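These entries record what I looked up in this structure. I began with the surface that faces the DNA.

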Amino acid sequence: MAKRSTPVEGLGEVDPYGAIYALVRQIPRGRVTSYGAIAEALGTRGGARLVGWALNAVPGSGLTDVPAHRVVNRDGLLSGRHHFAPPGMQALLEAEGIRIEDDRVVDFERLFWRPLDALPREGSF
DNA sequence: CCCATGACCACAA
DNA sequence: ATTGTGGCCATGG
């Protein structure tokens, strides 16, 4: 059972981890994003590491809806490839039409998906 | 409680 | 361009 390992008691109703999962879950197929982008979108610019930790806690939590393989570092490198189970992070990305070369996303900037694009924009300006 | 590590990022030299 | 250090938050020893 989920022992609600959400160490955010001080934040009240806000769940950084949940927010991360929510954002990653919104990542369209064939797109990728970076940890820093998510962290920044959540307001935790320096919390990029938390994103990695949150994703690390994805498996085993039933969060299969979280395509962590679409999350790479700011360099488009598959830093978390070592933490993925078979067939592997690269295979998952390639299955979505993303090309990987030398553990790096090809046209990363072009496939880059901005979390801010999914955030509620009430005025856009 | 203090220290070290981690799927990171940004800045300074 | 490359290397080093600091910052950030959480977890484990």
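Entry 1, DNA surface. I asked which element gives the largest share of the surface near DNA strand B, and found α3, with six residues. Helices (H or I, at least four residues) and strands (E, at least two) are DSSP runs, numbered from the N terminus. The model is predicted: local features need pLDDT of at least 70, side-chain atom pairs count only at pLDDT 80 or more, and totals for chains, interfaces and linings use all residues. Residues are numbered from 1 along each chain as its sequence is written, and chains are lettered from A and ligands numbered from 1 in the order in which they are written.

I noted 18 residues around DNA strand B, the closest being G36, G52, R74, S79 and G80; near means a C-beta atom, placed from the backbone, within 6 Å. Two or more residues each come from α2 (35–41) and α3 (48–56).

The largest nonpolar core has 27 residues, of which I20, V24, I38 and V51 touch the most other members. Such a core is a set of buried Ala, Val, Leu, Ile, Met, Phe, Trp, Tyr and Cys residues joined through C-beta atoms within 7 Å. I recorded α1 as its largest contributor, with six residues.

I located I27 in the loop between α1 (16–25) and β1 (33–34). I27 is buried because 20 other C-beta atoms lie within 10 Å; the cut-offs are 20 or more for buried, 12 or fewer for exposed, and partly exposed in between, with C-beta atoms placed from the backbone. I27 and W113 are 86 residues apart in sequence, yet 7.1 Å apart in space, C-alpha to C-alpha.
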